[in-house]
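Subject: Structure handover

Hi,

Here is the structure for you to open. My notes on it follow below.

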Amino acid sequence: MPCQETKGPSSGQVLTMAVAAGVTVANLYYNQPILAEIATSLHAKEIEVGYLPALTQAAYGVGLFFLAPLGDMFDRKKLVLVLQGLLCLALVAITFVQTLPALYVASVLVGLFAVSTQIIMPMAAALAANNAKGKVVGTVFTGALIGILSARIVGGYLAEWAGWRSVYGVSAGLVLAATIVFAAMLPQRASHHTGHYGDLLKSTLLQLKRVQLLRVMLVGSLVFGLFCSFWTALTFHLSGPPFTYSSDRIGLFGILAIAGAGAASVFGRIADKRHPLRIQILTVSIIIASIVCLFLWPYSVPALAVGVLLLDVGVQATQVNNLAQIYGLDETAHSRINTVYMTTLFLGGAIGTYGGVLAWNFGGWPLVCGQLLLWAGLALAILLFRLYRENGRRA
């Protein structure tokens, strides 16, 4: 029989979910710093291997909509184990491919099966006690963020020392180890949705009727959009004069972002005890302060380091607060709600990335900071308006 959790997951179970989420989602980003090595190895053009990140991300988006909602229909533990097993096979396949078309197919499979991360997140929320959802989700979300932020660093260094295929071989081992521990540590949970798969997808779209979800989605998309925009433009900024940093030195700024990820769990605990709207106003204000720092001292390494740290703390804390809110809406629809939220989040990220490239091309770093401030200003305006409305209803 499925094991029933009444007191919430243990610290070991939370850590297991955080690690599993991190090592899984990292596979979406390993190929970004090693495209040149892949092109040389497979005798392909740079533009041809340039499709690999897009294919992986697109497949992840497909899996997000068509596979992630299954977490409300089947036992989440079993679903994660199946997807993680298939992900391991896809990663091992990449270590053997000799042609670019085969690598395209394997990359699509990696993106598709890596969606298990978005089943682990609502699973963590469902296991958590009502007064600790922010803390638990914050810790698991931190694990996923560390995976995202460290993937580029790890991928670049592994490819340099042992070849690009070693990146996927090591990742397959990490995913397998995390899956084994996951199977041993996490309980089974009965599913809530009893209808057909078509009804499940229809119900996923119907989650858009939740007003609170729409509000959280909008702020989340704006904040994640500026996050992606910043990291895209920062590479251009640091690779040019006066810095002229190499890719491995630029990657070291990701360590600062990883350090900032620790703040996510802290704000998650705060979100369990304080008014979420006021917490978000604080976290978005931190983002705005970081952008001002980046704009005023664009060529100071210490100022850039402080700006990176503050921006990541603000972004990650805002997202954890958002997740704590959406997972409190309806326990029977966690996976479907998560699917809708994450789909809009990645849409905002795609728009933000494109906006960062355009801003850099047309106006350099000042325009980049200007459009970052626009994204953050819109998010803050939405939050202040909501607070004004809430205070008005109480008066």
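**The nonpolar core**

The largest nonpolar core has 118 residues. Such a core is a set of buried Ala, Val, Leu, Ile, Met, Phe, Trp, Tyr and Cys residues joined through side-chain atoms within 4.5 Å. Buried means under 20% relative accessible area, exposed over 50%, and partly exposed in between (1.4 Å probe, protein chains only). Leu103, Trp164, Phe230, Leu323, Tyr341 and Trp365 have the most contacts inside this core. Its largest share, 16 residues, comes from helix α16 (residues 334–394). Helices here are DSSP runs (H or I, at least four residues), numbered from the N terminus. In soluble globular proteins, nonpolar side chains tend to be buried together.

Before you read on: this is a predicted model, where local features need pLDDT of at least 70, side-chain atom pairs count only at pLDDT 80 or more, and totals for chains, interfaces and linings use all residues. Residues are numbered from 1 along each chain as its sequence is written, and side-chain values use heavy atoms, with hydrogens and water left out.

Take Tyr341 from the core list. Tyr341 touches Leu213, Val216, Met217, Gly220, Gln319, Asn322, Leu323 and Ile326. That leaves out residues up to four places away in sequence. Contact means heavy atoms within 4.5 Å.

**Helix pairs**

Start with α5 (residues 76–94) and α9 (residues 164–185). Their axes come within 8 Å and cross at roughly 160 degrees. Axes are lines fitted to C-alpha atoms over the stretch in contact, and angles run from 0 to 180 degrees between N-to-C directions. The two helices are therefore roughly antiparallel (the term covers angles over 145 degrees; under 35 is roughly parallel, 65 to 115 roughly perpendicular, the rest oblique). The crossing of α5 and α9 is left-handed, meaning that the near helix is turned anticlockwise from the far one by less than a right angle. On α5 the contact residues include Leu81, Leu87 and Leu91. On α9 they include Trp164, Tyr168 and Phe182. The contact divides into 14 nonpolar, three polar and two charged residues. Ala, Val, Leu, Ile, Met, Phe, Trp, Tyr, Cys and Pro count as nonpolar, Asp, Glu, Lys and Arg as charged, and the others, Gly among them, as polar.

Next, α1 (residues 11–25) and α7 (residues 117–127). They pack at about 165 degrees, with axes 9 Å apart. That makes α1 roughly antiparallel to α7. Their crossing is left-handed. Met17, Ala20, Ala21, Thr24 and Val25 of α1 meet Thr117, Ile120, Ala124 and Leu127 of α7. Seven of these residues are nonpolar, two are polar and none is charged.

Last, α14 (residues 276–296) and α15 (residues 301–326). Their axes come within 8 Å and cross at roughly 160 degrees. α14 is thus roughly antiparallel to α15, and the crossing is left-handed. This contact has 16 nonpolar, nine polar and no charged residues.

**Loops to look at**

A cis peptide bond joins Pro241 and Pro242, with omega about 5 degrees. Pro242 lies in the loop between α11 (211–239) and α12 (247–251). Pro242 is exposed, at 55% relative accessible area. Pro242 and Tyr299 are 57 residues apart in sequence and 7.5 Å apart in space, C-alpha to C-alpha.

Thr244 is in the loop between α11 and α12. Thr244 has a positive phi of about 50 degrees although it is not a glycine.

His43 has a positive phi too, about 55 degrees. His43 sits in the loop between α2 (35–41) and α3 (46–49) and is exposed at 75%.

Best wishes
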